[in-house]
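Please keep the sequence and the structure in view while reading.

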Amino acid sequence: MGTIQNSKTYTGKELDNIFFRPMLVGNNAEAIGIRVLYNMPVPTSVHVFRSEGNILQEYDRGWSGSENNSHQQKDITMHKIKAEKSFAAVDYFNTVYESLVCNSDINLEDLTGTELEAAETELFRRAIAESLRTMMWVGQEGVGDYSLFDGLLTRAYADEEAIACDISEFEVTPENITKIFDRMWAESNPELKVLKGEGHLAFFVSSDMYEAYELWLDQHGSDAAYLDMSTGRRELYYHGIQVIDMNVTQHLPIAVREQVSYIFLTDRRNLVLAVNTSDYPGSEVRMWYNADEMENRQRATFLAGCDIIDGKLITRGEN
């Protein structure tokens with residue numbers, strides 16, 4: 001067998017359960033590093049309640065309570081988008097077959113349609129997840145390859161209140177990286193610092209900053225550092241705050257890539273990616289073989305958007 005010719009279409013429950021839900025909920029959503037809203041009603045609104053003021057009072061008869069909760073709501077603009085890929089038939093089969101070879105539970109002498117379908121689905125799902133993640137960070141509407149909607153970096157630049165920390169005096173080096181983190185923390189809002197104990201704060205950094213911090217850790221000769229140099233690090237933390245590589249430098253224009261370093265310090269719940277497949281009538285995933293062109297094609301249509309809930313809690317710096 002050198003081609004895969006069975007057509008597959010996912011809509012409704014299949015689209016949700018087989019294709020998108022495994023990509024956007026649970027551990028996979030956590031891997032994206034921010035808050036993911038999947039199949040929330042359109043228009044998609046994010047609600048935040050914060051308790052303000054002292055609610056303790058002297059015990060007495062009657063009701064003297066006041067409304068101490070501040071309610072903030074922000075609507076996320078959802079965009080109709082599609083994802084498409086095509087492969088030469090032989091190349092497509094080889095790519096899918098390679099993913100099957102890596103699975104020890106597969107009998108390669110008796111491949112069923114279900115096994116091939118699962119491999120095809122995973123191939124397309126990974127491509128969509130990576131494109132969504134990149135669009136979420138570097139998207140700029142109408143500009144460049146990622147132009148469907150404004151990403152989080154674009155939105156932060158447009159929000160003057162988000163630019164609350166100047167680190168331009170620091171060159172991004174292992175010697176300076178902790179000074180940058182300390183400056184970010186020192187100039188952060190008190191409201192943000194209070195949230196540290198909840199475990200959701202994160203430094204979102206460009207790859208050069210992430211690598212500089214890794215080198216800084218390597219230079220400090222503890223047993224743990226030597227172990228990390230041998231086995232690698234799954235996660236980095238600075239003073240209990242996770243350091244996350246946005247991993248988007250390669251998608252920036254070369255002129256920008258060489259001049260700008262990014263760093264956010266925020267509660268990761270303030271950064272939201274929303275995806276919807278239930279409120280858009282045309283939402284579907286199709287995979288089919290085009291005999292005329294002798295190629296396999298994949299297409300997905302759905303709604304997506306992202307936003308920053310509270311720009312005041314986000315800081316940005318350049319080197």
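## Aromatic residues and charges over rings

One aromatic cluster is formed by Tyr10, Phe19, Phe20, Phe124 and Phe302. The structure is a predicted model, in which local features need pLDDT of at least 70 and side-chain atom pairs count only at pLDDT 80 or more, while totals for chains, interfaces and linings use all residues. Residues are numbered from 1 along each chain as its sequence is written, and side-chain values use heavy atoms, with hydrogens and water left out.

In total, the structure holds 11 aromatic pairs. Rings of Phe, Tyr and Trp (for Trp, the six-membered ring) pair if their centres lie within 6.5 Å; planes under 30 degrees apart count as stacked, over 60 as edge-to-face, and the rest as tilted. A pair of aromatic rings is described by the distance of the centres and the angle of the planes.

A charge sits over a ring if NZ of Lys or CZ of Arg is within 6 Å of the ring centre and within 35 degrees of the ring normal.

| Charged residue | Ring | Distance from the ring centre |
|---|---|---|
| Lys196 | Trp185 | 5.3 Å |
| Arg286 | Trp288 | 4.4 Å |

## The chain as a whole

The protein chain has 10 helices and 12 strands. Helices (H or I, at least four residues) and strands (E, at least two) are DSSP runs, numbered from the N terminus. Of the 319 residues of the chain, 43% count as buried. Buried means under 20% relative accessible area, exposed means over 50%, and partly exposed lies in between (1.4 Å probe, protein chains only).

The accessible surface of the protein chain comes to about 17,700 Å², and 47% of this area belongs to carbon and sulfur atoms. Such areas come from the Shrake-Rupley method with a 1.4 Å probe; for residues, only the protein chains shown count as cover. Among contacts between residues at least 6 apart in sequence, 73% join residues at least 24 apart. Contact here means heavy atoms within 4.5 Å.

## Helices H6 and H8

Helix H6 (residues 177–186) and helix H8 (residues 207–218) have axes that come within 9 Å and cross at roughly 115 degrees. These axes are lines fitted to C-alpha atoms, for helices over the stretch in contact, and angles run from 0 to 180 degrees between N-to-C directions. On the H6 side, Ile177, Thr178, Ile180 and Phe181 meet Met209, Ala212, Tyr213 and Trp216 of H8. By class, this contact has 7 nonpolar, 1 polar and no charged residues. Ala, Val, Leu, Ile, Met, Phe, Trp, Tyr, Cys and Pro count as nonpolar, Asp, Glu, Lys and Arg as charged, and the others, Gly among them, as polar.

## Buried residues and their contacts

Leu132 lies in helix H4 (residues 113–138). Leu132 counts as buried because its relative accessible area is 7%. Leaving aside neighbours within four places in sequence, Leu132 is in contact with Ile81, Val275, Phe302 and Ala304; of these, Phe302 belongs to the aromatic cluster described above. Leu132 and Cys306 are 174 residues apart in sequence, yet their C-alpha atoms are 10.0 Å apart in space.

Met246 is placed in the loop between E8 and helix H10 (254–257). With a relative accessible area of 1%, Met246 is buried. Beyond neighbours within four places in sequence, its contacts include Arg133, Trp137, Leu153, Phe204 and Tyr262.

Asn290 lies in strand E11 (residues 284–290), and Glu295 is found in strand E12. Asn290 counts as buried at 15% relative accessibility, and Glu295 counts as buried at 17%. Not counting residues up to four places away in sequence, Asn290 touches Glu295 and Arg297. By the same rule, Glu295 touches residues including Ser86, Phe87, Trp288 and Asn290.

## Backbone features in loops

Most residues other than glycine have a negative phi, and most peptide bonds are trans. Met294, in the loop between E11 and strand E12 (295–308), has a positive phi near 55 degrees. Met294 counts as exposed, at 56% relative accessibility. His239, in the loop between strand E7 (236–238) and strand E8 (241–245), has a positive phi of about 50 degrees although it is not a glycine. At 55% relative accessibility, His239 counts as exposed.

A cis peptide bond joins Val42 and Pro43, with omega about 0 degrees. Pro43 is found in the loop between strand E2 (35–38) and strand E3 (44–51).
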